[in-house]
There are 2 protein chains.
Amino acid sequence: MDMLLANKIENVKENIKNWKKEGLTIGLVPTMGALHKGHMSLIKKAKETADKVVVSIFVNPIQFGPNEDFEKYPRTLESDVNICQSLGVDIIFAPAPNEMYGENTLLSNNNLTYVCPPYNVVDMLCGKSRPGHFDGVATVVLKLFNIVQPDFAFFGQKDAQQLFILKKMVKDLNINIKIIGCPIVREKDGLAISSRNIYLSEAERKKALSISQALNKIEQLYKQGISSVDILFDTAVSILDKDIDLEYLEFINYDTFIRTQKAEKNTLVAIAARVGNTRLIDNIIL
Amino acid sequence: MDMLLANKIENVKENIKNWKKEGLTIGLVPTMGALHKGHMSLIKKAKETADKVVVSIFVNPIQFGPNEDFEKYPRTLESDVNICQSLGVDIIFAPAPNEMYGENTLLSNNNLTYVCPPYNVVDMLCGKSRPGHFDGVATVVLKLFNIVQPDFAFFGQKDAQQLFILKKMVKDLNINIKIIGCPIVREKDGLAISSRNIYLSEAERKKALSISQALNKIEQLYKQGISSVDILFDTAVSILDKDIDLEYLEFINYDTFIRTQKAEKNTLVAIAARVGNTRLIDNIIL
């Protein structure tokens with residue numbers, strides 16, 4: 001079966017309409033492109049779950065802050081297309097910003113309708129250092145949901161806060177879509193796979209490894225019966241490479257998204273750190 | 001055909017699912033109940049336009065400010081049911097707040113995902129004196145859209161700012177629903193029909209009439225060639241009963257929702273005023 005590379009919303013909708021008429025189920029994998037093994041695992045899961053699979057590739061301007069890497073963010077459409085084709089994707093939806101937000105639109109909440117996730121969940125972890133980021137994510141994801149009208153949407157557990165926020169959005173806004181979270185995919189040595197890993201120099205790449213090592217240590221100690229967040233935190237920090245700039249290392253109840261002082265089942269341990277100029281995130285769920 | 005009075009989301013969805021399977025179109029008329037001739041005109045339009053008509057009746061707590069009339073807002077379910085039945089409505093969806101927002105949920109943007117219309121449009125007219133109001137409206141309307149999945153949704157032109165905001169929401173979030181605005185329905189003497197008119201004493205009712213009279217005067221002068229907003233404003237104000245407390249009288253380009261100094265085609269002339277303790281709104285489009 002041929003794969004369609006669509007830039008226009010109407011083109012996607014037309015195909016979706018026909019699939020719906022035939023009673024086929026649809027899986028959506030929203031991405032910003034620069035596809036890697038993490039995305040591939042989402043696409044494979046989507047292929048297992050739904051009759052038709054749409055992968056969106058859109059570097060979404062409204063989820064980047066003014067000093068973030070929107071311009072620099074890797075764009076590798078040709079390689080992305082090859083990956084999608086090899087995995088049997090039915091449609092790649094790769095719109096230009098104008099197609100998503102209209103021409104000459106000032107991209108701000110002065111001029112556009114936004115979806116705003118709960119402030120208590122947003123004002124933590126990545127949201128704290130990236131104001132407006134999750135409003136931008138929730139808004140574009142809802143737009144993609146309305147365009148593609150999937151039965152299932154697939155997101156990586158690596159962006160644990162994003163996954164929580166999108167599940168909450170679906171619940172709060174009565175959206176008829178099942179969100180499926182997929183496990184973090186790692187390099188052989190444990191580094192969580194990320195499109196931003198390509199920014200790392202060889203030396204930084206080695207230092208970055210201490211992030212997943214710190215999380216592993218926490219898991220190991222937790223399994224040995226240590227539940228004090230203070231102890232787990234200090235041990236983890238001692239493992240981090242001394243050149244790594246820790247942004248946060250937090251223990252969160254993953255049902256409520258409230259900070260906890262006691263590690264227990266379903267505690268999210270989430271970390272963000274800068275290695276050189278590159279910001280990396282990783283997490284485990286106990 | 002029998003009418004269904006549904007309190008539960010699942011009950012509505014089940015019926016909608018069956019209608020969709022049969023290929024029937026669905027019209028939604030979102031209301032807060034206390035149905036009057038204005039609502040009836042929306043329902044009649046919905047009956048003409050769609051195969052099946054759902055009327056929602058929900059006094060939405062999150063669109064009322066802390067000092068507004070949420071508790072006092074008229075609730076007249078029995079009469080509403082009779083009206084809907086007489087007009088051939090297929091489903092009344094009348095959920096309790098818990099059904100819409102979950103039990104024990106703190107109704108705030110700290111805890112819930114909100115839809116936030118553009119600040120430039122919200123921070124004017126009614127939005128200026130009712131902070132958070134249109135976020136609450138947009139949020140509940142999107143929830144109703146996702147529950148009922150209508151092809152068409154019907155709103156009164158009386159809430160002109162609301163109508164603009166909802167059309168903008170549909171566009172900005174790629175919602176697959178056509179919003180149909182319906183003309184203001186008036187009493188014989190010209191007073192715009194509103195659920196809040198029942199708050200008016202007989203004396204206030206007479207004074208309130210000067211609101212539509214002021215708008216009529218503007219329209220008359222505009223047709224005579226007067227386009228200066230200053231002149232139109234002053235004339236209108238001179239017609240308003242002296243006991244009426246004017247909140248705003250604004251001239252807005254209804255394409256862009258930007259204030260204008262020159263009345264022209266598609267200028268919205270919108271007024272809000274207090275008569276005694278009752279806040280009334282009215283408008284015309286030139």
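User: What pLDDT does chain A average?
Analyst: This is a predicted model, and in it chain A averages a pLDDT of 96, with 100% of the residues scoring at least 70.

User: And what ipTM and pTM does the predictor give the complex?
Analyst: The complex is given an ipTM of 0.94 and a pTM of 0.95 by the predictor.

User: Okay, into the fold. How is chain A divided into domains?
Analyst: Chain A has domain 1, which covers 4–182, and domain 2, which covers 195–280, and the C-alpha centres of these two domains of chain A lie 26 Å apart.

User: How many residues are in contact between domain 1 and domain 2 of chain A?
Analyst: Ten residues of domain 1 of chain A are in contact with nine residues of domain 2 of chain A. On the domain 1 side, the elements that give two or more residues are helix 6 (125–129) and helix 8 (160–172) of chain A, and helix 6 of chain A provides the largest share, three residues. By class, that side of domain 1 of chain A has eight nonpolar, two polar and no charged residues.

User: Which strands form the open sheet with parallel pairing in chain A, and in what order?
Analyst: Six strands of chain A form that open sheet, in the order 1-4-3-2-6-7, and the pairing is parallel. Strand 1 (4–6) and strand 7 (178–182) of chain A are the edge strands, each pairing on one side only, while the twist from one strand to the next averages 25 degrees.

User: How many bridges are there between strand 3 and strand 4 of chain A?
Analyst: Strand 3 (residues 52–57) and strand 4 (residues 91–93) of chain A pair in the parallel sense over three bridges, and in this part of the sheet A:Val54 stands opposite A:Ile91 in strand 4 of chain A.

User: What does helix 7 of chain A touch there?
Analyst: Helix 7 (residues 133–148) of chain A packs on the sheet and touches strand 2 (26–31), strand 3 and strand 6 (152–156) of chain A, with its direction making about 150 degrees with that of strand 2 of chain A.

User: Switching to chain B: what is the order of its open sheet of four strands?
Analyst: The order is 9-8-10-11 in chain B, with antiparallel pairing, and the edge strands, each of which pairs on one side only, are strand 9 (258–259) and strand 11 (278–285) of chain B. Strand 10 (residues 267–275) of chain B is joined to strand 11 of chain B by eight bridges, and B:Val269 stands opposite B:Ile284 in strand 11 of chain B. Helix 9 (residues 202–223) of chain B packs on this sheet, touching strand 10 and strand 11 of chain B.

User: Now the two chains together. How many residues does each give to the contact?
Analyst: Chain A and chain B give 24 residues each. On the side of chain B that touches chain A, helix 7 of chain B gives the largest share, four residues, and the residues of that side divide into 13 nonpolar, eight polar and three charged.

User: What happens between strand 5 of chain A and strand 5 of chain B?
Analyst: These two strands run antiparallel and are joined by three bridges, and A:Tyr114 stands opposite B:Cys116 in strand 5 of chain B.

User: Why do the copies meet through the same surface?
Analyst: They do so because 100% of the interface residues of chain B are also interface residues in chain A.

Note on methods: Residues are numbered from 1 along each chain as its sequence is written. Chains are lettered from A and ligands numbered from 1 in the order in which they are written. This is a predicted model: local features need pLDDT of at least 70, side-chain atom pairs count only at pLDDT 80 or more; totals for chains, interfaces and linings use all residues. Two residues are in contact if their C-beta atoms, placed from the backbone, lie within 7 Å. Ala, Val, Leu, Ile, Met, Phe, Trp, Tyr, Cys and Pro count as nonpolar, Asp, Glu, Lys and Arg as charged, and the others, Gly among them, as polar. Two strands pair if DSSP finds at least two bridges between them. Domain bounds come from an automatic or database domain assignment. Axes are lines fitted to C-alpha atoms, for helices over the stretch in contact, and angles run from 0 to 180 degrees between N-to-C directions. pLDDT is the predictor's confidence in each residue, from 0 to 100.
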